[in-house]
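Hi,

Here is the structure I promised to pass on.

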Amino acid sequence: DASTALPTAGLLAQVEVRALMARAISADSLDQIRTLWQEHARDCVTRGSHPSLMKMARACATHGDHELAIEILEELAAHHIDQKTRKHYELAATTLVALRDLYKQTELELGWGDFFAILKETTSSLKSLHEEFDRQGLSA
């Protein structure tokens with residue numbers, strides 16, 4: 001069906017990305033979300049909205065694809081951390097709370113403790129980020 005086909009060439013405009021994300025979420029289709037992520041992950045993270053990405057991850061987890069949900073949340077948190085602003089650090093910490101909860105539901109080899117220890121070590125120079133970790137109860 002042409003109305004559900006995903007564009008494949010080049011970077012998508014913000015409005016296109018958000019429309020594709022909204023359609024995939026509203027269809028409640030893991031296949032649509034998975035295809036969108038596989039073909040346009042970078043566009044989704046850089047041009048999509050934080051709430052929509054959180055909804056995509058939640059939908060993946062609800063449908064049993066915890067690994068894809070974790071991948072989306074990890075990419076989203078990394079994007080926010082890379083922006084290096086207090087507001088983005090707040091969004092990263094909020095995303096990491098959801099990620100921690102998701103890790104606790106799975107039995108992946110690399111668990112939350114390992115992931116978060118590595119993240120804290122690699123971001124040790126970002127004091128404001130670590131303050132947000134503390135504020136969200138992530139460091140405990």
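Some ground rules before the details. This is a predicted model, so to speak of local features I needed pLDDT of at least 70, side-chain atom pairs count only at pLDDT 80 or more, and totals for chains, interfaces and linings use all residues. Numbering starts from 1 along each chain as its sequence is written, and side-chain values use heavy atoms, with hydrogens and water left out.

**Salt bridges**

Side chains of opposite charge can pair when their charged atoms come close. Searching the whole structure turns up nine salt bridges, where the term stands for a side-chain nitrogen of Lys or Arg within 4 Å of a carboxyl oxygen of Asp or Glu.

One of them joins the side chains of arginine 34 and aspartate 65, at 2.7 Å from N to O. This pair links distant parts of the chain, 31 residues apart: arginine 34 sits in helix α2 (residues 30-47), and aspartate 65 in the loop between α3 (50-62) and α4 (66-83). The helices here are DSSP runs (H or I, at least four residues), numbered from the N terminus. Arginine 34 is partly exposed at 26% relative accessibility, while aspartate 65 is buried at 15%. For those labels, buried means under 20% relative accessible area, exposed over 50%, and partly exposed in between, using a 1.4 Å probe and protein chains only.

Another pair is arginine 47 with aspartate 43, with 3.0 Å between the closest N and O atoms. Both belong to helix α2, and because they are four residues apart there, about one helical turn separates them. Arginine 47 comes out as partly exposed at 25% relative accessibility, and aspartate 43 as buried at 4%.

Then there is arginine 135 with glutamate 132, whose closest N and O atoms are 2.4 Å apart. These two are three residues apart in helix α7 (residues 127-135), so about one helical turn lies between them. Arginine 135 is exposed, with a relative accessible area of 56%, whereas glutamate 132 is buried at 2%. Both also take part in a network of salt bridges that links Arg86, Lys127, Glu131, Glu132 and Arg135.

**Helix packing**

Two packed helices are described by the angle between their axes and the distance between the axes. The axes are lines fitted to C-alpha atoms, for helices over the stretch in contact, with angles from 0 to 180 degrees between N-to-C directions.

For α3 and α4, the axes are 7 Å apart and the angle is about 160°. That is why α3 and α4 count as roughly antiparallel, a label for angles over 145 degrees. The crossing of α3 and α4 is left-handed, meaning that the near helix is turned anticlockwise from the far one by less than a right angle. Among the residues making the contact are Leu53, Met54 and Ala57 of α3, and Ala69, Leu73 and Leu76 of α4. By class, this contact of α3 with α4 has 11 nonpolar, three polar and no charged residues. Here Ala, Val, Leu, Ile, Met, Phe, Trp, Tyr, Cys and Pro count as nonpolar, Asp, Glu, Lys and Arg as charged, and the others, Gly among them, as polar.

Helix α4 also packs on helix α5 (residues 86-105): their axes come within 8 Å and cross at roughly 160°. So α4 is roughly antiparallel to α5, and their crossing is left-handed. The residues that meet include Ile70, Leu73 and Glu74 in α4, and Leu96, Leu99 and Tyr103 in α5. The contact of α4 with α5 has 14 nonpolar, six polar and one charged residues.

**Single residues**

Tyrosine 103, in helix α5, is buried at 7% relative accessible area. Leaving out residues up to four places away in sequence, tyrosine 103 touches Ile70, Glu74, Leu108, Leu110, Gly111, Trp112 and Phe115, where contact means heavy atoms within 4.5 Å. Its C-alpha atom is 7.5 Å from that of isoleucine 70, 33 residues apart along the chain.

Glutamate 74, in helix α4, is partly exposed at 25% relative accessibility.

Cheers

Note on methods:
Angles under 35 degrees count as roughly parallel, over 145 as roughly antiparallel, 65 to 115 as roughly perpendicular and the rest as oblique.
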